Amino acid sequence: MAAVDVSYEEITGSSKNAYESDDLFQLIEHVGVRDLHFKHDPETGLKAIVAIHSIKSGSSLGGCRCIEYPSTRAAAIDAMRLARGMTYKSAISNTPYGGSKAVIMKPAEIRDRAAFFEAFARFVHELGGRYITAKDSGTTVADMDLVSTITPYVTSVSSKNGIDGDPSPFTAYGMLKGIEACVKYKLNRDSLDGLHVAIQGVGYVGYDLAKLLHARGVRLTVTDIDEKALRRCEEEFGAVIVHPNEIYSIACDIFAPCALGAILNDKTIPQLRAKIVAGSANNQLALERYGLALRDRGILYAPDFAINSGGLIQAVALYRNEKTDEIMANIDFIYHRLLEIFERADREGRATNKVAIDIAKEHTLAHEER
Ligand code: NAD
């Protein structure tokens, strides 16, 4: 069973009642989601949920996760939290759409993957363009190609306009720009050469990030639960492998969480020996207040939705047939966006995650449509 980063306290604020009452609308209200759509397709076994947190230009965009969930409730909460994160990410990146997310509750076996994703595509199409889907954990560019045979409301499709459909290399490149900003701000250095980065999770993004960092002379320590992924990093980049429990306490310059959400919490923050936390995982802070805990420990935190926005920028550009050089210029801008967040956080004596949310709200909420 895939770990699901669901924190009820985070989703419900401090209200225990919202969790205990089992009232779905109460949760919806707490997260601020506008629509929550469910689809069951008995023929293929598809059970999918689309959460739309905000609408801009008549639409919203967010990836489709296909992972195992312990319950429908956990899946719905995951969709809602991720959709909210997409609103912030879209807003801070100045993309033209609102934020949303789809989750598919992965069954033990998908008998006919084509029929399964065609059923998902019909679901997306029925939403009439309010939701644009994309690749995410557990889905592939080939799945999105299938979806595109049924509905136009999809991105991450292969070889459109000469841009690769996979957002991960663009996310990793944006991470590199973000890490450069962190290093400039915290360590007052322009080069990454000789720094030590500890990466948690070397899947799509973590591996691409490791490759970019290795090429810049960075020393790597990595962990994963996938032995093959680890060996690849050891062989290609000379990375040191550690057990998943050990990654938090590695004495390094940068800790890069690229696996799971909610990994910055009461248990892990006291263990950290990094000067900077900069990773791709969504919803890294188990609770918003942990942003302040990191600040109090003198650790610079790069807000996840700001540093991991390269993939979204690529997905939007692909959908709108924009040019590659425009995409790269927008991703390069992550460097400046992070510096703006860090400077304002220090000026106001506040946590970087809070400042990033404020900036996202300032960018977007004025343009929001219902
Ligand atoms: P992925 O599934 O390819 O990689 C995640 C890796 O983490 C896998 O190799 C997995 O084995 C490993 N992992 C799982 N549990 C672990 C544990 N307990 N300890 C250590 N490693 C563990 O996913 P990805 O596409 O590389 O995305 C990584 C993270 O970044 C996810 O949180 C995702 O939501 C986020 N993200 C991805 C993109 C993108 O473009 N792919 C964009 C934005 C955010």
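# A walk through the fold

With a relative accessibility of 6%, Cys252 counts as buried, because buried here means under 20% relative accessible area, with over 50% called exposed and anything in between partly exposed (1.4 Å probe, protein chains only). Before we go on, please note that this is a predicted model, in which local features need pLDDT of at least 70, side-chain atom pairs count only at pLDDT 80 or more, and totals for chains, interfaces and linings use all residues. Residues are numbered from 1 along each chain as its sequence is written, and side-chain values use heavy atoms, with hydrogens and water left out.

Let us stay with the cysteines for a moment. A disulfide is a covalent bond between the sulfur atoms of two cysteines. How many disulfides does the structure hold? The count is zero, where a disulfide is a pair of cysteine sulfur atoms within 2.5 Å. For Cys252, the closest cysteine sulfur belongs to Cys258 and lies 12 Å away, which is too far for a bond.

Strands of a sheet pair through backbone hydrogen bonds, either parallel or antiparallel. In this model, six strands form an open sheet in the order 8-7-6-9-10-11, and their pairing is parallel. Strands (E, at least two residues) and helices (H or I, at least four) are DSSP runs, numbered from the N terminus, and two strands pair if DSSP finds at least two bridges between them. Strand 8 (240–241) and strand 11 are the edge strands, each pairing on one side only. Strand 8 is joined to strand 7 (residues 219–223) by two bridges, and Thr221 stands opposite Val240 in strand 8.

Are the faces of strand 9 covered or open? Both are covered: Ile254 and Ala256 on one side, and Phe255 and Pro257 on the other, are all buried.

Leaving aside neighbours within four places in sequence, Thr352 is in contact with Leu300, Tyr301, Pro303, Ile341, Phe342 and Ala345, where contact means heavy atoms within 4.5 Å.

Aromatic rings give us another set of landmarks. The structure holds eight aromatic pairs; Phe, Tyr and Trp rings (for Trp, the six-membered one) pair if their centres lie within 6.5 Å, and planes under 30 degrees apart count as stacked, over 60 as edge-to-face and the rest as tilted. The rings of Tyr88 and Phe305 have centres 5.4 Å apart and planes at 40 degrees, so this pair is tilted. Because Tyr88 lies in helix 4 and Phe305 in helix 11, the pair ties together parts that are 217 residues apart in sequence. Tyr88 and Phe305 are both buried. Tyr97 and Tyr319 form an edge-to-face pair, at 6.0 Å centre to centre and 80 degrees between the planes. Tyr97 is in the loop between helix 4 and strand 4 (98–105), while Tyr319 is in helix 12 (residues 310–319), so this pair ties together parts that are 222 residues apart in sequence. Phe116, Phe117, Phe120 and Phe123 form one aromatic cluster.

Leaving aside neighbours within four places in sequence, the contacts of Leu312 include Leu61, Met86 and Lys89.
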